[in-house]
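Colleague: Could you walk me through this one? I'd like to go from the overall layout down to single residues.

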Amino acid sequence: MPYIEVICIIKKVKLGQQISTDEYTFEFSIGENQDIKEEIKNRLSIDGITKIIDINIKSIKIVPSCSGCRSDQPNQLAHMDYGGCLYSE
Ligand SMILES: [Zn+2]
């Protein structure tokens with residue numbers, strides 16, 4: 001199954017410390033009706049003294065589960081591995 005890759009810049013601050021800005025990558029399954037920003041907050045294990053200031057989503061893309069598609073292989077064989085779009089039992 002393809003999945004969604006979300007890259008975001010998260011600005012957060014820990015009580016009494018400087019603001020930190022970090023880039024995070026999250027993976028989401030496709031099909032659920034989800035609030036991505038809420039979901040990101042849930043996944044960041046934030047302790048009681050850290051506050052999220054801003055979540056800035058940089059990119060959202062659908063990533064195919066097929067490794068041949070991911071690397072844009074023209075060769076059919078590359079798409080026939082387990083999980084590939086041309087895979088058959
Ligand atoms: Zn493929």
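Predicted model: local features only at pLDDT ≥ 70, side-chain atom pairs only at ≥ 80, totals over all residues.

Modeller: Residues are numbered from 1 along each chain as its sequence is written.

Colleague: Which pattern does the protein chain follow along the sequence?

Modeller: Helices (H or I, at least four residues) and strands (E, at least two) are DSSP runs, numbered from the N terminus. The protein chain has two helices and three strands. Read along the sequence, that gives β-β-α-β-α.

Colleague: In what order do the three strands sit in the open sheet?

Modeller: Strands count as paired if DSSP finds at least two bridges between them. β1 (residues 3-14) pairs with β2 over 11 bridges, antiparallel, and β1 also pairs with β3, again antiparallel, over 12 bridges. The order is therefore β2-β1-β3.

Colleague: Why is one side of β2 and of β3 left without a neighbour in the sheet?

Modeller: β2 (19-29) and β3 (50-63) each have a single partner strand, so both stand at the edges.

Colleague: Which residue is the bridge partner of K14 in β3?

Modeller: On the β2 side, Y3 has S29 as its bridge partner, and I10 stands opposite D22. In β3, the partner of K14 is T50.

Colleague: Which residue takes a positive phi in the hairpin of β1 and β2?

Modeller: That hairpin has four residues between the strands. The phi in question is near 80°, and the residue is G16.

Colleague: Is I46 buried, exposed or partly exposed?

Modeller: I46 is found in the loop between α1 (36-43) and β3. A residue is buried if 20 or more other C-beta atoms, placed from the backbone, lie within 10 Å of its own, exposed if 12 or fewer, and partly exposed in between. I46 has 14 within 10 Å, so the call is partly exposed.

Colleague: What radius of gyration does the protein chain have?

Modeller: The C-alpha trace spans about 55 × 25 × 15 Å along its principal axes. A compact globule of 89 residues would come out near 12 Å, by the rule of 2.2 Å times the number of residues to the power 0.38, with the radius taken over C-alpha atoms. The protein chain has 18 Å.
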